Amino acid sequence: MRARHLPDDRPHDGRNVDPELGALLGEGSHQRVKDLAPSPAAPRSDEVPSLAYEADRGRSYYGLPLLKEPVWRWYVPAYFYVGGVAGAAAALGAAAQLAGWRGSPGPVRQRHPGVEHRLIGRCRLIATAGAGASAVLLIADLGRPARFLDMLRVFRPTSPMNMGTWFLSAFGACCAASTLPHLWPARRPWQRTVSDAAAFGAGVMGLPLCTYTGVLIANTAVPIWHGTRNALPVLFGASGAAGAASLLELWPPGGTGDDVVHRFSLLGKTLELALGEVFAYEARRVPRVARPLRRGASGALWRTAQVLSAAGLAATALSRRGSPLRRTAGLLGTLGALTLRFAILQAGRASARDPLATSEQQRAGRGGAAELTERDRAGASHPALRGVGAGRETEAAPREEHP
Amino acid sequence: MGFFTDTTLCIGCKACEVACKQWNQLPDDGFLFTGMSYDNTGQLGASTWRHVAFVERTTRLPGQGTPRDGTEAGTMAFAPLRPAGQPGTTSLLADFVAPSHIESPVPLGPTQRALSNFSWLMMSDVCKHCERAGCLEACPTGSIVRTEFGSVYVQPDVCNGCGYCVSACPFGVIARREDDGRAWKCTLCYDRLKDGMVPACAKACPTASIQFGELGELRARGAKRVEQLLARGVAEARLYGESALAQPGTEGLHAFFLLCDEPEAYNLPPDPVVPTKHITRAWYAMAASVVGLAALCLGAVAGARRT
Ligand code: SF4
Ligand code: SF4
């Protein structure tokens, strides 16, 4: 594999370019040469299809994936959870602040140690800690963390990831501004004003921070994510609320705050469950696309998330203030919201690996350009898509599931 | 500028793969064998910017044959299809080779019967340099730009390795390399174009299957070639992604293909769309969600205060 004619003391390069004879200036010369590890267990010859596509396997190229799998590791679903919880907590804190805006909103703990303020304070703390953790997780997931700031080079509404970086930056700045004045030794009224205004800003920024991640993954070619773009942002919003409520149940603020959390939790968890169903329904419109929700690791995660969330909701509904059941509800809800994110990421992976998910979705007139064409068919008519129209008659019926 | 890849002319020699690797000094992929057909590359990737697909089928492709069967006549058949700015193909068959019909001296029996119902399609796949590119629109750093040649170019010094483009490409082209965490793909040989040369793959293609030139000219050639094939009985011949009308999802490809089967056979999506084309719906859903979440928070607070 390596140039045999090179003497052994010279640095070997997998490009077979002798750096003393040829300059490494090509476009790909930035790529470091992989350490050529022995090949991973190659598929056995009887596992490899002998023909590019066989009738019973569906039309694909040797069953190879058509799309590239999402490269994100566990940091990203963890970020989806942390960011969602932080955003929803900030929003709840701002709402509580708004309700008692006149007269009462003081810096947490010191001036007015009222119960609402404990709720507001916890919300602010969760938001600030979440903003910090989000940034760490996001940076950790980049292959080259040193370049995180490049995300703020542009402002691009077609890239939810770019918009999200802006949301997160604004949210983080607001959270910091709402918490920092409390760490200041001498307290002045202006600090309180700054802190309250900033917490308000954090609440406003928390709403998109909590929900944009749904747009982020819906704006990909991954069939199950792209196909559920109506449900995903709403599901993430509800799940963020359920997650934040669960955390507050684990760490109850007491007094009226507990009531607020209880209501918030009941509503958030109910919505989370209901929207999970909507999400699964939207995916099921093309059976092949919803397959990852039923099979394999992603299916197991998805069912676990559903069970945990349902149990969390039941526990919340049955629990009384301060009872251990309420903490259990918080724990179940937290695990449920966390598992949900992992299930959705895993389902996306499985869905991208399956070439038939993409082609069947597009043949069914969804998740492709045909959907747009159909929408404005009333206007200037595009000619029928050759690739799509041709296969309609034979492909329109949902394909039988293959074992 | 762009590519027109006429898959009916591809002989699966992989000269394009090698030329691309060599010119761009891409490292190897580890020399793995997939075990299927002659395709040991599998798919496009961060260090594979051209990939030759070998589609083996138990179908007969009408009109398929060798010059000996009288269906092609040496380089004459390709003469009008020479890559722009190149003297000609480097086929060993000279123009004067006349089509002839040679039958095997002895009947081949079952082999012949089996082979009569068998065909190979080959296609040299590459980044499509979409007119509206999913990777470009998704990139949060502005690392992916459109060059003066209309191609889509990733600036390696700006890319921060977020991997968003990887999931945003409807063709599964661009990939992130684990070792440096950046996204890489075909550059349409930007450095060669700058110097007035054709891309390495097109230069190396011995059969003019990969043709490089002005898009308008290439489209005309493609249309002509399809006509030629249809007249010869290859009813499946079709262009893939040649214009915005043919592929509204990407508004046309700067690297389009002549195919002899449905796109899925070649691992191409039948109806690709830039995910961003559907993004407004998702933003609306998010706006609804933002309002809903705000109402949820306010409702929880207001409801509790009355108790
Ligand atoms: S979206 Fe994919 S095919 Fe299109 S230009 Fe980007 S990498 Fe190439
Ligand atoms: S991996 Fe690089 S090129 Fe791809 S979207 Fe992220 S910053 Fe842009």
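**View 1. The interface of chain B and chain A.** In this predicted model, 113 residues of chain B are in contact with 113 residues of chain A. About 9100 Å² is buried between the two chains, and carbon and sulfur atoms give 60% of that area. Of the area that chain B buries against chain A, 8% comes from Q25(B), Y164(B) and H278(B), more than from any other three residues.

**View 2. A salt bridge between the chains.** Across the interface of chain B and chain A, 4 salt bridges are found. One of them joins the side chains of E262(B) and R363(A), at 3.5 Å from N to O.

**View 3. Elements of chain B that touch chain A.** Elements giving two or more residues to this side of chain B include the helices α1 (15-24), α3 (134-138), α4 (164-168), α5 (190-194) and α8 (279-306). With 18 residues, α8(B) gives the most. The residues on this side of chain B divide into 61 nonpolar, 29 polar and 23 charged.

View 4. An unreviewed UniProt entry places the feature "transmembrane region" at residues 78-99, 119-142, 163-185 and 197-218 of chain A. Residues 163-185 of chain A are 91% helix and 0% strand, with the end C-alpha atoms 36 Å apart. Residues 197-218 of chain A are 100% helix and 0% strand, and here the end C-alpha atoms lie 33 Å apart.

Definitions and conventions. Residues numbered from 1 in each chain as written. Chains lettered and ligands numbered in written order. Predicted model: local features only at pLDDT ≥ 70, side-chain atom pairs only at ≥ 80, totals over all residues. Heavy atoms only, no water. Contact = heavy atoms within 4.5 Å. Buried area = accessible area lost by both parts, 1.4 Å probe. Helix = DSSP H or I, 4+ residues; strand = E, 2+ residues; numbered from the N terminus. Nonpolar A, V, L, I, M, F, W, Y, C, P; charged D, E, K, R; others polar. UniProt positions renumbered as here; feature names shortened; annotations may be inferred.
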